[in-house]
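Work through the exercises below with the sequence and the model at hand. Each task is followed by a worked solution.

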Amino acid sequence: MVPLTWYVVLSAALFSIGLFGVLSRRNAIAILLGVELMLNAVNVNLAAFWRYGSDLTKMTGQVFAIIVFAVAAAEVAVGLALVISVYRRHNTVIADEIDLLKW
Amino acid sequence: MSLQQIIFLVVAAATVGSAIMVVASRHLIHAALWLVATLFSVAVIYTLLNAGFLAVVQVVIYIGAIAILFIFAVMLTRRDMRDTGPQHNRNWWLGALIGLVTFAGLFSVLFFSSAFNKTPAPLPAGYDAVSLLGDALVSPNAYVLPFEVASVLLLAALVGAVYVAFNRK
């Protein structure tokens, strides 16, 4: 059987890649892609801890994962709507150029 | 090494490889398609974890809705589909450093800790994860309140998204 360590290390790798994407990409949509990778890493952790937990009749891990799915869907819908709105007004999706609130 | 471990290693390599392509790909539409590959590999990981419902939800919601939404957003925010200029900002090496340090820190904690070095209990006979999950989601002494709050959150987010993206002209 696969040890739990492998799942959490995979999740850590996925999270770090997503973190790099969030910190380094210029395009606002690409930043949201990085956020999706991080949310998926969290979900892998939740499912793995559910499976390797002591009581399989408690579904807490899977319920948490489903709540994370719902929050991710809401986050992507609002985030992409904001990106499209900013693109309409300022004609750019580059995060560096959206600096209206920067002094 | 058992068959399950080999399958896990192959799928994990596919997950990490396609995730790297998501953050490194030059064309945004390619990055979105690589994200679909990553999400599909994660669905396979859920199947390996006996979380079949999560795998189906992953394919239906993440690939069917979220990835398609990304592709539509890429389409709506580019006059031509080609991306010009560098895709990473000036401080990308700092981001890479922070990502590497995060991974190294997590790896050293997780890999050398004995708490995570365990194997799963075998599934009991006649175990039905989906009906247990359904019970947990609607049972008053389990998670019915977070479930309903999540539905309100989704409704509010979708109304807000329509309002923000609405073209008033």
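**Exercise 1.** Determine what share of the contacts in chain A with a separation of 6 or more joins residues 24 or more positions apart.

Solution. Take two residues as in contact if their C-beta atoms, placed from the backbone, lie within 7 Å. Among contacts in chain A with a separation of 6 or more, 49% link residues 24 or more positions apart.

The coordinates come from a predicted model, in which local features need pLDDT of at least 70, side-chain atom pairs count only at pLDDT 80 or more, and totals for chains, interfaces and linings use all residues. Residues are numbered from 1 along each chain as its sequence is written, while chains are lettered from A and ligands numbered from 1 in the order in which they are written.

**Exercise 2.** Describe the secondary structure and dimensions of chain A.

Solution. Start with the DSSP runs (helices: H or I, at least four residues; strands: E, at least two; numbered from the N terminus). Chain A has 3 helices and 0 strands, in the order α-α-α. Next, the C-alpha atoms of chain A occupy a box of roughly 55 × 25 × 20 Å along the principal axes.

**Exercise 3.** Is A:Ala30 buried or exposed, and which residues does it touch?

Solution. First locate A:Ala30: it belongs to helix α2 (residues 28–52) of chain A. Then count neighbours: a residue is buried if 20 or more other C-beta atoms lie within 10 Å of its own, exposed if 12 or fewer, and partly exposed in between, with C-beta atoms placed from the backbone. A:Ala30 is buried because 26 other C-beta atoms lie within 10 Å. Finally, leaving out residues up to four places away in sequence, A:Ala30 touches A:Gly21, A:Arg25, B:Leu28 and B:Ala31.
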